Amino acid sequence: MTRPTDRQVDEGRSPEELQSPNRRSPIANAVANTATAVALDFPSLRLVPKTDTPQKAGDFKTDQEVRWCPGCGDYAILAAVQGFMPQLGLKKENIVFVSGIGCSSRFPYYMNTYGMHSIHGRAPAIATGLSTSRPDLSVWVVTGDGDALSIGGNHLIHALRRNVNLKILLFNNRIYGLTKGQYSPTSEVGKITKSTPMGSLDYPFNPISLALGAEATFVGRAIDSDRKQLTSVLQAAAQHEGSALVEIYQNCNIFNDGAFELLKDKDTKDDWTIRLEHGQPLRFGAHNDKGVVRNPNTGAFEIVDVTPDNENTIVRHDAHTEDPSYAFALSRLSTQDLRYTPVGVFRDVKRPTYDAEMAAQLETAQQRGGGNLQGLLHGNDTWTVN
Amino acid sequence: MQLTGDRFTSETASFGNDLSTLPNFPAEIRAPQGTLPGVSSFQVHFADHDIMTPGDRPDVLVAMNPAALKANLGDLPRGATIIVDTHDFTKRALAKVGYEASPLEDGSLDGYHVHSLGLTELTLQAVDGLGLSRKDAGRAKNMFALGLVSWLYSRQIDSTVGFLEKKFATKPDVAAANVAALKAGWNYGETTEDFSVTYEVKPAAMPAGTYRNISGNLALAYGLLAAGQRAELPIFLGAYPITPASDVLHELSKHKRFGVRAFQAEDEIAAIGAALGASFGGALGITTSSGPGVALKSETIGLAVSLELPLVVVDVQRGGPSTGLPTKTEQSDLLQAMFGRNGEAPVPIVAPRSPSDCFDAALEAARIALTYRTPVFLLSDGYLANGSEPWKVPAVEELPDLRTEFATEKNHGDEFWPYLRDPETLARPWAVPGTPGLEHRIGGIEKADGSGNISYDPANHDLMVRTRQAKIDGITRSIPPLEVDDPTGDAEVLVLGWGSTYGPIGAAARRVRKNGMSIAQAHLRHLNPFPANLPEVLKAYKRVVVPEMNLGQLALLLRGKYLVDVVSYNQVRGLPFRAEELEEVLTNVVNEAGDTGTITGSADEIEVTR
């Protein structure tokens, strides 16, 4: 189990501090003191009841036969998520996985929590209703590149801009798997598929850039096969107060095998992967000889060979940068062929969550006096018939 | 103009008359003034007895310009009173609506009692010295007209004075001007000798109780609120603004103190999705929309059918197809509610019949949703939404008890089966997240009977489709039999309606009976499933007439289900039926049934003169 760094736990203001004391939820006050030693401190989950018995990954497995293709990257992600869940230290019954449609969206069936396998693209909307009406739940959305970025693009960006307390895991395999191999909104231009025999004409989305355009408060990226790194991003996402989008590069070994090989092959991965670590300079490469600098003319980030002369100009990663253009510039380092792919936490900033704000409005209204239905029905303008 | 109508309605309601209103306005926010499509009107019908419609032929018309006169003149009976503001009867304004000469001068209004007044000038004089711009002062002319009509019908204006002072509390000069205009209008009536008669309509005899005036959308919002209270569940409303349903969103958004979460979503799909998500979490999920929005929600309604979770889907119908007539009424979403989904996806349908009935219908929709764990359609319409009538305020403790139980225990040995059903209702257990030991996964994929696990088994699918249908059909056992109003007991013809046509049909049936003929009337509140006795009722009459503001959607269902060749009478003008017109239709059918004794000819061919 990896301990989160101090800053992940404590840095920044807690959501309570963002609200005046009289707007704090009574549930929040009650639950805040009941965390057990089993759990790490997850500020975003303080309203969710904690378990008092230690959990293991096996507790989160269901008796359902997992029906992904043998060799699918989804297995690795499922194992990582099941392995990570005990760190949350939450009562299992207070965790919900909501998904849309697609291979990845079968995920909830394999998690021994509450779950809903909904309809294509709508999981963020459904999860929004659940999360905002049940602050005592930890709500996770599992979606794919087609589900989240094509048919459900609207719901995704609106959930992110509202900062609903959802953890959205976007499995990006850059292909439509369940419908047997059409190009997706993240497929590269020119991709030959069943529906694009002469090559795809669509310019792809960069999901990280898209989320940052919606001013998502947490955006991260991980790779299915790197469990340690995936787990650390999941951890940071879980700790984040509000919407967290985690893009997970996931290999579809049937319809798009090897899509992320550049970032997985031990001979190439270090040269093309930029690991984002808060507070650390953005240096990478097999010999740690490359770095990220800002072009003073355009403001964009560029890759340079690190020399003693330019060493001081290498950008030091700060995921808490308020201005989303910093993380956006990072996201633009990647090209369609994945050269220079940052992985890790791009952005992690504080903003009041939609859930907390909605609860606060209700509480404020209730403090002015609870609802009197009879009085309301009566109104101010009546007459009596005898 | 709508505000003026509201105030006159309120004065009339306070006086104790029975009343019914018909606001009628264009879809455009600021439609071009002085054109026929830009005319905004408000019709109110009041009486000393129980009335059912906003009236066919107004006895008094207040026309603020030539367009308003032209647009409404056709509705007036000869001898009606017309009050006209002459200010806008300029050559240009007349030409704009196609008057070659002023109708005030060319003798074309000779059959009416016309009162031509310089309403605008009189108003300007009344507010002179209050420091208003000419434009603002001119706006008070509606209040002058209201004062005059109030005097004509012996209404008190005190409540309107109070209303204006409150409404314009932050603009005392505007308040003062409106009050001055209102009083000046009243006084003008009193002092001028132009009006030889005034009218006094006595209070109507109504059952004892406390009354208020209420519009359909307000009653509907209150009904939903009451449902949440009586179910002891928090309400989650997901909605996207759409005419004519937005008022329900606005109203429920005000009631946070009742714990109502009102969520304005990014689109119609997210609106219902969020409501369904909240239902999964144990709230009373509600979504409100109109026809085009409901079309977008179809897939999620299907999901709710499959998940078997409670959900109230409100469709305040308007003219269609597509954008259609956003501010006008129609009943053309019945088949959309009934069938507008993929697969076999039955959804119960409840329809209110009058503005105040929207309250009870909302409670009934919630009852079915909660008891049977199903989405339910509540089909209101634009006429009910904006129309208003007196409402006897109910006692909260006498409203239906809607409490339902969440599952808390395992129900199949040491397992929890989310699709193990209640043998009586066939409803499945509602196990909300947070309940230990009942963790389960549900989805839109077909489920194995009982365990709820994914199942592609052919026999299981057949069973599940039939079971979901049987659950909805079984709701019949919880709804009252259809009541038939057949005062003489010898009627051969039944007129059967649903939704907002109740008023005009009832008024038409009264007229037929007044003429010495017999006719029976019944009105459906439950459109799916139908009441158990409906087939017997249909077969008890020689002919059944079904008037609808569509091209025969209920008629199609009745013919398909019961093999009864009902007489379908249809109109899709964006306006409610006129009692007079329905009277003629019903009279023809009664006569025909008496003449032939058997059903002949095409039932669709019902002649009526317009």
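Student: How many salt bridges are counted between domain 2 of chain B and domain 4 of chain B?

Tutor: A salt bridge is read from the distance between side-chain nitrogen and carboxyl oxygen, with 4 Å as the cut-off. In this predicted model, the count between domain 2 of chain B and domain 4 of chain B is one salt bridge. Separately, the side chains of B:Asp357 and B:Arg525 meet in a salt bridge, with 2.2 Å from N to O.

Student: Which elements of chain B each supply at least two residues of the side of domain 2 that touches domain 4?

Tutor: They are helix 13 (334-339), strand 11 (349-350), helix 14 (357-372), strand 12 (375-381) and helix 15 (382-386) of chain B. Helix 14 of chain B gives the most to that side of domain 2, with five residues.

Student: What area is buried between domain 2 of chain B and domain 4 of chain B, and what part of it do carbon and sulfur atoms give?

Tutor: The area buried between these two domains of chain B is about 2200 Å², and carbon and sulfur atoms give 60% of it. On the side of domain 2, B:Gln331, B:Leu334 and B:Arg353 supply 33% of the area buried against domain 4 of chain B, more than any other three residues. Polar contacts can be read beside the area: across this interface the rule finds 15 residue pairs in polar contact, both residues of a pair being at pLDDT 80 or more.

Student: Where do the bounds of the domains of chain B lie?

Tutor: The domain assignment gives domain 1 (2-191), domain 2 (211-398), domain 3 (405-478) and domain 4 (484-609) of chain B. Taken over C-alpha atoms, the centres of domain 2 and domain 4 of chain B are separated by 28 Å, and the contact takes 28 residues from domain 2 and 22 residues from domain 4.

Student: How is the interface between chain A and chain B read, and what area do the two chains bury between them?

Tutor: One begins with the area and then turns to the pairs. Chain A and chain B bury about 5300 Å² between them, with 61% of it on carbon and sulfur atoms. In chain A, the residues that lose the most area to chain B are A:Tyr114, A:Leu377 and A:Trp383, together 16% of what that side buries. The count between the two chains is 28 residue pairs in polar contact, both at pLDDT 80 or more, and one salt bridge. The side chains of B:Glu266 and A:Arg162 meet in a salt bridge of 2.9 Å, N to O.

Student: Why is helix 11 of chain B described as largely enclosed by the rest of the structure?

Tutor: A residue counts as buried when its relative accessible area is under 20%. In helix 11 of chain B 13 of the 13 residues are buried, so this helix is largely enclosed by the rest of the structure. Helix 11 (residues 268-280) of chain B reaches 19 Å from its first C-alpha to its last, close to the 18 Å expected. B:Asp267 caps its N-terminal end, with a side-chain oxygen 3.1 Å from the backbone nitrogen of B:Ile269, and the helix is followed by B:Gly282, whose phi is positive, near 100 degrees.

Student: Is B:Thr160 buried or exposed, and which side chains does it join in polar contacts?

Tutor: B:Thr160, found in helix 7 (residues 158-167) of chain B, is buried, with a relative accessible area of 0%. Its side chain is joined to that of B:Arg7 by a polar contact of 3.4 Å, and to that of B:Glu11 by a polar contact of 2.6 Å.

Note on methods:
Residues numbered from 1 in each chain as written. Chains lettered and ligands numbered in written order. Predicted model: local features only at pLDDT ≥ 70, side-chain atom pairs only at ≥ 80, totals over all residues. Heavy atoms only, no water. Helix = DSSP H or I, 4+ residues; strand = E, 2+ residues; numbered from the N terminus. Expected span 1.5 Å × (residues − 1). Buried < 20%, exposed > 50% of the residue type's maximum accessible area, 1.4 Å probe, protein only. Polar contact = N/O pair within 3.5 Å; in protein donor to acceptor, adjacent residues only side chain to side chain. Domains from an automatic or database assignment. Contact = heavy atoms within 4.5 Å. Buried area = accessible area lost by both parts, 1.4 Å probe.
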